[in-house]
Amino acid sequence: MKEVNELILKDFRLEIRQRYAINGILLYVFSTIFVVQLCFGRIIDEKTWIALFWIILLFAAFNAVSKSFNQESSSRRLYYFTLASPLSVIISKMVYNTLLMLILGILSLGLFSVFMGMPPLYPWLFIPAFLLGSAGLASALTMVSAIASRSGNNAALMAILGFPIVLPLLLLLVKASQTSLKEVVEAGVILRLLSAIGLIDLVIVVLAVILFPYLWRD
Amino acid sequence: MIKTMWWKFLGVFLVLYSIIAGLLIDVPALPVIHQTIRNLFYHVPMWFSMFFMLGTSLVFSVRYLSGFRMKDDLIASGAANTGLFMGSLGLLTGMIWARFTWGDFWTNDPQLNGAAVSMMAYLAYVVLRGSIDESAMRARISAVYNIFAFMLLVIFLGVLPRLADSSLHPGKGGNTSTMEGLDPLMRMVFYPAAIGWILIAFWLLQLHNRRRALVQGVKLNNQ
């Protein structure tokens with residue numbers, strides 16, 4: 001547990017010191033949302049709003065997470081390998097990326113409501129779905145970036161490998177957001193959607209924890 | 001010869017039987033589908049054999065990760081390739097059918113999208129294998145991705161269709177012709193067709209593996 005904390009702190013410090021990476025992602029989110037604003041103006045159709053929101057967040061997540069195993073050189077990776085257990089490495093990376101993803105998500109939610117208005121989303125479905133979904137997207141992409149980092153051409157491979165893996169989660173998130181457009185959503189429907197998203201999250205995390213040691217060692 | 005090859009003969013026999021009997025038997029007259037219901041004998045077994053191949057691929061990937069024998073990696077990748085082949089046959093037969101029943105080669109349907117994305121995941125597996133040069137590393141990394149890809153397949157088949165409200169696809173929710181209501185005479189052709197094509201797929205896998213083993217110099221048997 002202490003190891004995990006230290007590793008998260010290390011990632012955080014690294015992010016603060018190499019500020020260009022985080023700034024780049026923030027600017028990326030801002031500029032895509034601004035481009036959407038220029039193209040659409042205020043969005044009246046709620047389904048379009050939801051689709052654009054998740055697509056932008058997905059690509060921001062790809063950009064943010066893809067560097068998580070890349071920014072460190074292979075010799076420094078070897079150094080971590082001797083220090084930390086693979087379990088705490090993957091957990092720390094997943095927690096860190098989830099936090100990053102939540103910040104990005106909240107930021108783009110804010111920018112969306114400033115530039116394009118906010119559709120009336122039912123909060124008891126949208127907020128938990130958003131939290132669970134961000135965690136799931138971040139964990140899945142962390143694992144994919146670990147896979148992609150072990151092979152040559154990273155950027156293209158990350159997109160090819162990651163897209164099919166995150167798609168079921170993304171479809172469920174869009175579905176949950178569209179359901180939350182109703183004024184009142186029944187508890188049963190909420191439970192069904194959230195448990196499906198939670199189940200996928202759980203499967204991703206369990207698989208990542210089991211399989212990461214095979215990726216970590218040389 | 002009979003001792004080791006009986007299942008190949010059985011596969012060929014069952015497939016021939018299903019092709020001939022599938023065109024000859026009387027099928028129930030259903031609205032919209034009419035005679036195209038015969039596609040059940042040719043389209044659905046392709047998906048069945050794809051699942052069996054991808055399942056085999058998963059099993060051998062797990063076996064590779066527990067023992068690191070190159071033989072297991074060879075079979076895992078061969079099974080994924082054979083599964084992709086059967087899956088593309090399934091897509092093709094389905095698309096031809098859809099053109100004449102729904103009027104279009106492709107519709108935005110949960111069943112079709114799930115199939116397409118699962119195929120994409122396995123194509124990504126093939127690309128991933130191509131991008132790593134060192135063979136032990138390639139085997140290890142791609143085995144990990146293979147397990148993820150199979151998880152995706154299970155989610156697309158087990159979780160998402162249950163959450164979808166309706167589907168155009170026969171045998172799925174919101175459609176009148178479900179598998180439970182399948183005509184008993186059609187069952188007599190459909191089940192042998194499915195078993196036959198699965199056996200043929202395993203035969204294909206065996207041939208594929210033998211060729212690849214010769215090329216790569218990996219021993220398949222322990223003789």
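Predicted model: local features only at pLDDT ≥ 70, side-chain atom pairs only at ≥ 80, totals over all residues.
Trainee: How is the packing of two helices described?

Mentor: Two packed helices are described by the angle between their axes and by the distance between those axes. In this model, helix α6 (residues 123-149) of chain A packs with α8(A) at an angle of about 20°, and their axes are 9 Å apart. Angles under 35 degrees count as roughly parallel, and α6(A) and α8(A) are therefore roughly parallel to each other.

Trainee: What is the handedness of the crossing of α6(A) and α8(A), and which classes of residue make up their contact?

Mentor: The crossing of α6(A) and α8(A) is left-handed. Their contact has 20 nonpolar residues, with four polar and one charged.

Trainee: What span does α6(A) reach from its first C-alpha to its last, and how many of its residues are buried?

Mentor: The 27 residues of α6(A) reach 37 Å from first C-alpha to last, which is close to the 39 Å expected at 1.5 Å a residue. The helix is mostly covered, with 22 of the 27 residues of α6(A) buried.

Trainee: In chain B, where is B:W7 placed, and as what does B:W7 count by its C-beta neighbours?

Mentor: B:W7 is in helix α1 (residues 2-24) of chain B. Because B:W7 has 14 C-beta neighbours inside 10 Å, this residue counts as partly exposed. B:W7 and B:L199 are 192 residues apart in sequence, yet 6.8 Å apart in space, C-alpha to C-alpha.

Trainee: How many residues does each chain give to the contact, and which element gives the largest share of the side of chain A that touches chain B?

Mentor: Chain A gives 22 residues and chain B gives 23 residues. On the side of chain A that touches chain B, the elements giving two or more residues are α7 (154-179) and α8 (187-216) of chain A. The largest share of that side, nine residues, comes from α7(A). By class, the side of chain A that touches chain B has 17 nonpolar, three polar and two charged residues.

Methods: Residues numbered from 1 in each chain as written. Chains lettered and ligands numbered in written order. Contact = placed C-beta atoms within 7 Å. Helix = DSSP H or I, 4+ residues; strand = E, 2+ residues; numbered from the N terminus. Nonpolar A, V, L, I, M, F, W, Y, C, P; charged D, E, K, R; others polar. Buried ≥ 20, exposed ≤ 12 C-beta atoms within 10 Å, placed from the backbone. Axes fitted to C-alpha atoms, helices over the stretch in contact; angles between N-to-C directions. Parallel < 35°, antiparallel > 145°, perpendicular 65-115°, else oblique. Left-handed = near helix turned anticlockwise from the far one by under 90°. Expected span 1.5 Å × (residues − 1).
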